[in-house]
Amino acid sequence: MSPQLQNYMNLFRRIFYQLKFTEPRAFTPIIKRQNPKRVQREVRKEMEMAKVKLVKTTQAQEVLRLELEKNKQLKKSLSKSEKEEQLQKNFYYDKLRKRRKYGGAK
């Protein structure tokens with residue numbers, strides 16, 4: 001083995017346990033009978049969209065995109081709960097401050 005390949009192998013062995021893998025997704029193609037003219041129209045529309053976007057997505061890219069969206073939603077829900085907790089805390093402190101200012105029950 002060349003020294004460079006040996007270096008890559010050593011690097012891979014060190015960081016292998018830090019890699020994150022997504023859960024496998026089931027892939028089942030759905031084949032339906034469709035009107036050939038409709039299929040042709042849909043293909044034409046998709047080809048026009050492909051010309052505009054010039055972006056091809058593979059199934060692996062789609063899985064990664066879904067994983068990112070799921071993590072994004074999770075972070076968003078966590079941040080919402082944190083915001084609600086912060087609002088509750090601020091409400092409590094405002095209430096306490098008003099009681100001190102106006103001499104209410106302590």
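Trainee: Is Lys70 buried or exposed, or does Lys70 fall in between, and what is its relative accessible area?

Mentor: Before the answer, a word on the basis: this is a predicted model, in which local features need pLDDT of at least 70 and side-chain atom pairs count only at pLDDT 80 or more, while totals for chains, interfaces and linings use all residues. Residues are numbered from 1 along each chain as its sequence is written, and side-chain values use heavy atoms, with hydrogens and water left out.

Lys70 is partly exposed, with a relative accessible area of 39%; here buried means under 20% relative accessible area, exposed means over 50%, and partly exposed lies in between, with a 1.4 Å probe and protein chains only. Lys70 forms a salt bridge with Glu23, and the closest N and O atoms of that pair are 3.2 Å apart, where a salt bridge is a side-chain nitrogen of Lys or Arg within 4 Å of a carboxyl oxygen of Asp or Glu. This pair links distant parts of the chain, 47 residues apart, since Glu23 sits in the loop between helix H1 (3-15) and helix H2 (36-53), whereas Lys70 belongs to helix H3 (residues 59-102). The helices are DSSP runs (H or I, at least four residues), numbered from the N terminus. Glu23, too, is partly exposed, at a relative accessible area of 42%.

Arg65 and Glu62 meet through their side chains in a salt bridge, at 2.2 Å from N to O, and both lie in helix H3, three residues apart, about one turn of the helix. Arg65 counts as partly exposed at 37% relative accessibility, and Glu62 is likewise partly exposed, with a relative accessible area of 29%. Asp94 forms a salt bridge with Arg97, with 3.6 Å between the closest N and O atoms; because Asp94 and Arg97 are three residues apart in helix H3, about one helical turn separates them. Asp94 is partly exposed at 37% relative accessibility, and Arg97 is partly exposed at 48%.

Conventions:
Helices (H or I, at least four residues) and strands (E, at least two) are DSSP runs, numbered from the N terminus.
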